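Hi everyone, thanks for making the time.

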Amino acid sequence: FYISKIIEGSGADKANLDIGNIITKIDGNEVKSISDIQDVLYEKKKGDKVSLTIKYTSGRQYKEKEVEVTLS
């Protein structure tokens, strides 16, 4: 899931996610479509934390890291 927009002050912004990052997992669950993300978020509320595994570019390569995001 490609991040195409980040709202200033949002949990994604505070977690230092960037446009172009790719979410590959949410709370350990593989992300293949938006519904995979929605299924996890359906169980959450504002202020809850989720763990995201993201791919980001470093030079000409993708690297992977895990970040914690507080839902806003």
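Start at Tyr56: the charged end of Lys65 sits over the ring of Tyr56, 5.1 Å from its centre. That label applies when NZ of Lys or CZ of Arg is within 6 Å of the ring centre and within 35 degrees of the ring normal. This is a predicted model, where local features need pLDDT of at least 70, side-chain atom pairs count only at pLDDT 80 or more, and totals for chains, interfaces and linings use all residues. Residues are numbered from 1 along each chain as its sequence is written, and side-chain values use heavy atoms, with hydrogens and water left out.

Lys65 also has a place in the sheet, where Ile54 stands opposite Lys65 in strand 4. When I say helix or strand, I mean DSSP runs, numbered from the N terminus: helices are H or I with at least four residues, and strands are E with at least two. Two strands pair if DSSP finds at least two bridges between them.

How many strands form the sheet, and in what order? Four strands make an open sheet, ordered 2-1-3-4, with antiparallel pairing. Strand 2 (29-30) and strand 4 are at the edges with a single partner strand each, so one side of each has no neighbour in the sheet.

Let's walk across the sheet. Strand 1 and strand 3 are joined by four bridges, while ten bridges join strand 3 to strand 4.

Now for the turns. The hairpin of strand 3 and strand 4 has two residues between the strands, and Gly59 takes a positive phi near 70° there. In the hairpin of strand 1 and strand 2, also with two residues between the strands, Asp27 takes a positive phi near 50°.

Side chains of opposite charge can pair when their charged atoms come close. A salt bridge here is a side-chain nitrogen of Lys or Arg within 4 Å of a carboxyl oxygen of Asp or Glu, and the whole structure has three salt bridges. In one of them, Asp27 partners Lys44, with the closest N and O atoms 3.3 Å apart. Lys44 is in the loop between helix 2 and strand 3 and Asp27 is in the loop between strand 1 and strand 2, so the pair ties together parts that are 17 residues apart in sequence.

Which residues lie nearest the centre of the largest pocket? They are Ala12, Ile23, Leu41, Leu52 and Val69, out of 22 lining residues. A pocket is an open set of points on a 1 Å grid over the protein atoms alone, where a 1.4 Å probe fits, with protein on both sides within 12 Å along at least five of seven lines; lining residues have an atom within 4 Å of a point. Helix 2 gives the largest share of the lining, three residues.
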